Amino acid sequence: MPVKELIREKRKESPLTEELVQGGFWFAISFVLSFSSVVGGACPFAVSAITVSKKKNILFSMAGAGAGYIIFCSGNQSIRYFSAVLIAALGAFAMTIFKARKMAYLPMLISFLSVLATGLVMAYREAAATSAYALVFGESILATGASLFFFRSVNINFKRLKYKALSLIDTTCLLISACALLSGFSFIEIKGFSLARIIAVATILITVRFGEQKWGLIISLCLGFALGISERDSLFLIGAYAFSALVASLFSSLSSFSVCASFCLSMIFFSVCASMGALSVCCAAESITGSLIVLLLPEIVTDKISEFFESGADIAPDGSLRQSLTVRLRFAASALSQVSESVRDVRERISSIEMKNPLEGEMRMVAADQFFSIADMLEDLAFEFNDAEIFDSKAAGKIRRMLGEYEIYPDNISVIIDKYDRMRIEILAPLKTNGLDSPRIRTQICKICSRDFEKGRINYSGSNMLLSIIEKPNFSISFGFAQYTAEGTLCGDTVKMINDSKGHMIFIISDGMGKGSRAALDGAMGAGLLSKLLGAGFGFDSSLKVVNSALLVKSGDESLATLDCACVDLFTGKCEFYKAGAPRSYIVKQNSISRCELSSMPAGILRGIEFAKRTTVLSVGDEIIMMSDGITDINEEELEGFLAADEGLSPNDKAQSILDFALKATDEEHRDDMSVIVAKVGKIK
């Protein structure tokens, strides 16, 4: 059994033991923080820790803090801090009862009032000077800030750190909390040498040498602040650690010795300038000791440290071209696999109906696996990435941190701005990720990017899901369709409407040869494969070659399907018609009607067929009407006269009225399958 599962099983078996371990942890933390003091003898950090501890740990943290204050504080100060501990514990229990533990300002308020009230009472009883009241107020502010740092640290989900979703603020709060805990050990001295300062030097040097320079500087500032304010003579450490870390970072690319030597020389300079006598000598010696510890670390330890800091270094940053290209190719491969599976499924159905020679079927399946037009498809992807002018990694990082707050940890985030300044966001996440497409996530993304976005669309591939969100376009499309089945229960026409998540609406009608189930198979295969490929990001021409090859090899008998497509750009209104053996379509503009009739061959007859194309530009209120030949075969003048009449119908009602008109104009014996799509351009709201 893996170690993680073994630990999980042990926890289930002994929940009481786990609670005692957690309680002991909080007792120890509060105990150490109770003697973590600053200049003037103020030590409010244990009080702050009590306010952020959870229900089961309040008594443990209270006991640890109380014991520490009794042992390390003297006289009235011991009574004062013990009283503050009781007030803080009561406040923590109150927050638990009223379920208000997630509100950061409440622990801050309780810490402030606990330290302030007890301090004021003590100062009043001792008839202290005005400066003592000012010190009490300053200590209360320090307790308030400590509560904020501790609250953020306690509520951090460390999965966010693993997935690089932890914000800089949360990381800094975690570091400051750790530094405050370390300062509690600053009293442990051997002839003036502080164990805490030696640990601080070693930590700074390890981070500068093996980690990022940014984190080396942040840690040095945090440690310098925590240890520098512990007593008046050590205040110079605040600047000394930070500047020495900056100097050491200049030599981080050379060797560990160079880093340690430069840090020690800088610290010796500050120690001499500070002129603190024995403390200056101790600080210089502590720096040398910490440096020797780093230099003497065994290779197996330094390798582990390097591995920790370099984990994920080979992963491209969010929004990079490499990651975005990888994601797109992965989904392209998935689409191709689905094409092959569709061919196999259709072939098996036909074989079961026709009972042909099994060997012949196997040979055709081998041929089916060879039909992919890889070069054309990769060219489509190259064209797509040529349009991606900017990959906004800064926005991607902000989105990742925002998603981490909702417990969502995506594998990759790409924020793409094309050469027309349109923004598209693609978020790749594990398959079982919940809430990725929720409205609140989209609202947060709109705030981060300062743009309006449409509702996202999710594609699935293997163990991943890809959420695609596009900037809200200028136009909207309302559409409707209607169908009539001429024979049996299956219609030989297949209708598809897809949004490619790049600002295009695509409408497809595929008409299989003849009527009934065989025609339905051909039509469904043609429209289904074409929609999958277009949705995966491939172009119309390369997708048609795949569909054509699929229809050619799937059956020994003649098998064909017409393909009628219209692609509307919702940003510009540009509409492109693609026809492979399809009948005419119509464009209705302010009660005037124009034909789109193109000569072409259907898919599945010959190799190397191509789409016939035409482009037009649509405006608000314009309509496109697409029909299968079951409707266009009726009298042209009567049909066009009916289409030109504006009855103010919705697209769905108009599609049904066109179908009803065609049914009245034909007799049942000679009717073919009928399909009609009506799409109307509107203004986005």
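Helix H24 (residues 636-644) lies across strands S13, S14 and S16, at about 130° to S14; helices here are DSSP H or I runs of at least four residues and strands are E runs of at least two, numbered from the N terminus. Keep in mind that this is a predicted model, where local features need pLDDT of at least 70 and side-chain atom pairs count only at pLDDT 80 or more, while totals for chains, interfaces and linings use all residues. Residues are numbered from 1 along each chain as its sequence is written, and side-chain values use heavy atoms, with hydrogens and water left out.

**The sheet and its helices**
- Helix H25 (residues 651-664) also packs on the sheet: it touches S8, S16 and S17 (674-683) and makes about 30° with the direction of S8. Angles run from 0 to 180 degrees between N-to-C directions, and contact means heavy atoms within 4.5 Å.
- The open sheet has five strands in the order S8-S17-S16-S13-S14, with antiparallel pairing; a pair needs at least two DSSP bridges.
- S8 (475-484) and S14 (592-596) each have a single partner strand, so one side of each is left without a neighbour in the sheet.
- From one strand to the next, the twist averages 20°.
- Three bridges join S13 (residues 585-589) to S16 (residues 623-627), and Tyr 586 has Ile 625 of S16 as its bridge partner.

**The H10/H13 pair**
- H10 (residues 195-210) packs against H13 (residues 256-274) at about 135°, with the axes 10 Å apart; the axes are lines fitted to C-alpha atoms over the stretch in contact.
- Contact residues include Val 201 and Ile 204 of H10, and Val 259 and Phe 263 of H13.
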